[in-house]
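Here is a quick tour of a two-chain model, written for someone who likes the cut-offs spelled out. Have a look at the structure, then read on.

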Amino acid sequence: MWMLLRDAITYACMLILLSTGLTLTYITTKVPNFAHGEIAVIGLFVAFTFLKIFGLNPYLAMPAAFALSALTALGLYKLVLKPLMKRGATLDHLMIATLGYDILIFAILNVYADVLTKVYKVKTRGFMPFRPYDFTVLDQPGIFLVSVVAVVVLMVTLHLLLTRTRFGIAMRATIENPNLASVCGVNTELVYTISWILAGGLAGIAGVLLPFYFRGSPCLGFVLIVPVFTASIVGGFYSIYGAMLGGAIAGLSEYLITYAIASAVGPWFLSYRVAVPLIMLAITLLIAPEGLTGINWRRAGSLLKQKLSGLWLRLASLGGVKA
Amino acid sequence: MILLPPLLLFIMDTIAMIAIYLITTLSLNIQYGYTGIADFGKSAGVAVGAYVVGAIPGRVLMAFLAIEGDYIKDNTPIVSAINSVLSVDVALAIGTLMLGLALAAGLGALFGYVASYPVARLKGEYLAIFMLAISEAMRYIFNYYTPVVGGPYGVTVPDPFKFITSAYGGQLRLIFASVVILIISIGMFYYAERLARSPLGRTLRAIRDCDVAAEVLGKDVASYRMKIMVLSSAMAAIAGALYAFYTLYVAAIAYDRVTWTFWPWTILILGGMANNVGVVIGTILFVVVTRLIIIFKRSLEPILPFDVIWLEYILFGLMLILVLMFRPEGILPEKPTKTIEFEKIKERRARKGRSHGKASS
């Protein structure tokens with residue numbers, strides 16, 4: 001049971017790292033970044049290169065992965081999204097542009113994987129998790145400790161940054177109202193730049209942790225996109241704290257619900273893990289698209305009291321009105 | 001046996017792919033170009049059609065011809081037994097094709113109906129995320145759920161053009177199949193053009209440009225969006241069904257978001273949104289370039305240390321971003337709706353005036 005919970009927590013931590021970055025870029029630039037999963041896979045391949053080519057501990061890849069992923073994310077913002085926004089592109093065009101960037105990264109990672117296979121004769125698609133290269137502390141695998149520490153550091157740093165520094169106040173102002181913030185002398189462009197760097201870097205760190213857990217492959221980003229967006233939306237797409245909460249909920253429930261159902265109906269259910277975040281996403285979007293942190297709980301509570309008899313009807317129509 | 005020049009076969013194969021992508025992109029054009037529903041899960045609609053063809057016609061024929069066995073486990077012997085019947089029974093073969101296409105359209109429409117529930121309620125990024133998630137999840141679920149299309153191993157599909165193979169050889173089958181697919185796609189193009197010029201087409205554009213204004217003018221926006229979802233999903237499912245009948249093989253994992261969502265979007269943006277002729281030009285351009293890459297694959301392979309297919313990805317990924325930046329309206333921009341010629345209006349008014357005059361006198 002502890003092992004199961006440990007794996008669930010590790011997975012949830014990776015999701016928190018990813019969904020926080022996704023939400024950060026969304027609330028500043030207002031574009032959902034469909035390339036976020038693939039940006040994490042860059043980190044994965046940096047770790048892979050460190051381990052298999054240089055023979056180093058994959059954890060040492062973290063700074064390099066942070067830098068490379070941050071650079072890629074910044075490239076998406078500076079070279080693609082910003083020029084498009086200047087030209088007055090619609091949201092749909094911005095979204096399809098991030099998908100295009102996603103395909104670009106995917107192709108370049110595949111080229112890199114092909115070259116590695118050809119030159120160094122290593123398996124680059126579906127390689128085994130790095131578990132054997134991990135260290136242990138008090139019989140606990142390093143990946144668990146590193147993920148938890150990474151998330152705690154992230155939460156504390158981000159909270160202090162947002163509430164205790166001038167830059168954090170500028171950032172919150174930009175999120176609330178970019179025009180007003182820039183009139184008041186806030187360098188909104190710097191805020192956007194930093195948030196894309198942070199988002200990419202966090203994805204890179206998550207990417208280093210991923211191969212301890214998943215079989216690595218360039219197409220892992222495709223698999224990740226569903227749980228990561230679920231995490232961001234369940235928590236509330238407009239709140240960074242919501243992204244952390246959502247990552248924890250989505251990660252833990254994906255793991256534990258799948259396991260609970262599988263132990264009830266049989267191990268075949270484990271293959272359908274991807275259905276759990278999808279259903280969570282669907283329920284959240286249809287009932288309360290503003291997410292957990294966006295719900296007005298007091299109002300929701302009084303509504304529940306009022307209409308306790310017609311609860312389900314009420315929820316359905318709420319979904320209809322709010323969206 | 002009739003042997004044909006390889007160039008002709010290559011051209012016919014290219015035409016079949018153009019026709020299949022044309023149907024998919026036309027359905028996306030009706031959905032996004034005209035109505036403004038940004039469907040980032042187009043691959044789900046195409047996949048429904050392909051899965052239906054992979055799962056149903058073979059089983060129906062199995063029951064009809066009283067063949068024993070498990071359709072998924074003994075797929076190859078069962079399909080070859082069915083094909084040996086189809087190679088002589090022309091009526092049954094055509095019936096198989098019709099059944100496959102009709103079921104694909106029907107279930108595609110049903111999928112569109114189900115998907116229209118979120119479409120009517122969500123907008124912008126939320127809709128895009130939801131549709132993308134549905135298509136990705138569906139692909140993974142059917143990749144593990146073997147009873148439908150055999151999961152990771154895939155299924156072979158009974159060949160509705162088998163009677164041509166048996167009479168004239170496989171090369172003529174390819175040509176015949178391409179022509180059939182081309183005819184269907186021309187029909188779809190005609191339908192899409194008529195739709196765009198009809199009062200419905202104008203209503204759709206009004207909804208796309210400002211749904212509140214359309215609602216104020218008494219148009220039921222939610223119901224129009226639902227109808228368009230049903231229609232375009234059925235069209236995409238027909239494209240998937242034709243692709244399955246053409247390649248005679250269905251694997252769940254093949255209907256990914258690059259091949260069947262991203263490429264149609266690229267074609268649509270390249271060719272020109274809300275312009276069906278632009279979609280045709282974009283499709284031809286896209287398929288021909290991918291084919292040329294395949295031709296040069298052999299000569300490029302010894303030089304490049306990686307698979308040539310990634311060049312295609314990089315090329316089109318870059319091209320999409322550049323088109324969005326420098327020509328977001330596409331090769332052929334949207335044109336104002338053609339109206340009746342002024343002479344004809346005058347003629348009609350004159351006729352009407354005469355009939356009024358008669359009535360009054």
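Predicted model: local features only at pLDDT ≥ 70, side-chain atom pairs only at ≥ 80, totals over all residues.

## Two helices side by side

In chain B, B:Thr266, B:Ile269 and B:Leu270 of H12(B) meet B:Phe316, B:Leu320, B:Val323 and B:Leu324 of H15(B). Here a contact is a pair of residues whose C-beta atoms, placed from the backbone, lie within 7 Å, and helices (H or I, at least four residues) and strands (E, at least two) are DSSP runs numbered from the N terminus. The nonpolar set is Ala, Val, Leu, Ile, Met, Phe, Trp, Tyr, Cys and Pro; Asp, Glu, Lys and Arg are charged, and the others, Gly among them, are polar.

Two packed helices are described by the angle between their axes and the distance between the axes. For H12(B) and H15(B) (residues 309–326) the angle is about 35° and the axes are 10 Å apart; axes are lines fitted to C-alpha atoms, for helices over the stretch in contact, with angles running from 0 to 180 degrees between N-to-C directions. The crossing of H12(B) and H15(B) is left-handed, meaning that the near helix is turned anticlockwise from the far one by less than a right angle.

Residues are numbered from 1 along each chain as its sequence is written, while chains are lettered from A and ligands numbered from 1 in the order in which they are written.

The model scores ipTM 0.83 and pTM 0.87. Chain B has a mean pLDDT (the predictor's confidence in each residue, from 0 to 100) of 85, and 96% of its residues reach 70 or more.

Most residues other than glycine have a negative phi. B:Ala274 has a positive one, near 55°, and sits in the loop between H12 (258–271) and H13 (276–295) of chain B. Is B:Ala274 buried or exposed? B:Ala274 is buried, because 25 other C-beta atoms lie within 10 Å; the cut-offs are 20 or more for buried, 12 or fewer for exposed and partly exposed in between, with C-beta atoms placed from the backbone.

B:Gly330, in the loop between H15 and H16 of chain B, is 56 residues from B:Ala274 in sequence but 9.9 Å away, C-alpha to C-alpha. B:Gly330 is buried too, with 23 other C-beta atoms within 10 Å. Its contacts, leaving out residues up to four places away in sequence, include B:Ile269, B:Leu270 and B:Met273.

B:Leu248 also has a positive phi, about 65°. B:Leu248 lies in the loop between H11 (221–247) and S2 (249–250) of chain B and counts as partly exposed, with 18 C-beta neighbours inside 10 Å.

## Chain A and its partner

Chain A comes to 13 helices and two strands. Its radius of gyration is 20 Å, close to the 20 Å that the globule rule gives for 323 residues, so chain A is as compact as a globular protein of that length. The radius is taken over C-alpha atoms, and the rule is 2.2 Å times the number of residues to the power 0.38. Buried residues make up 49% of chain A.

Where the chains touch, chain A gives 42 residues and chain B gives 36. H4(A) gives the most to chain A's side, with 19 residues. By class, that side has 32 nonpolar, six polar and four charged residues.
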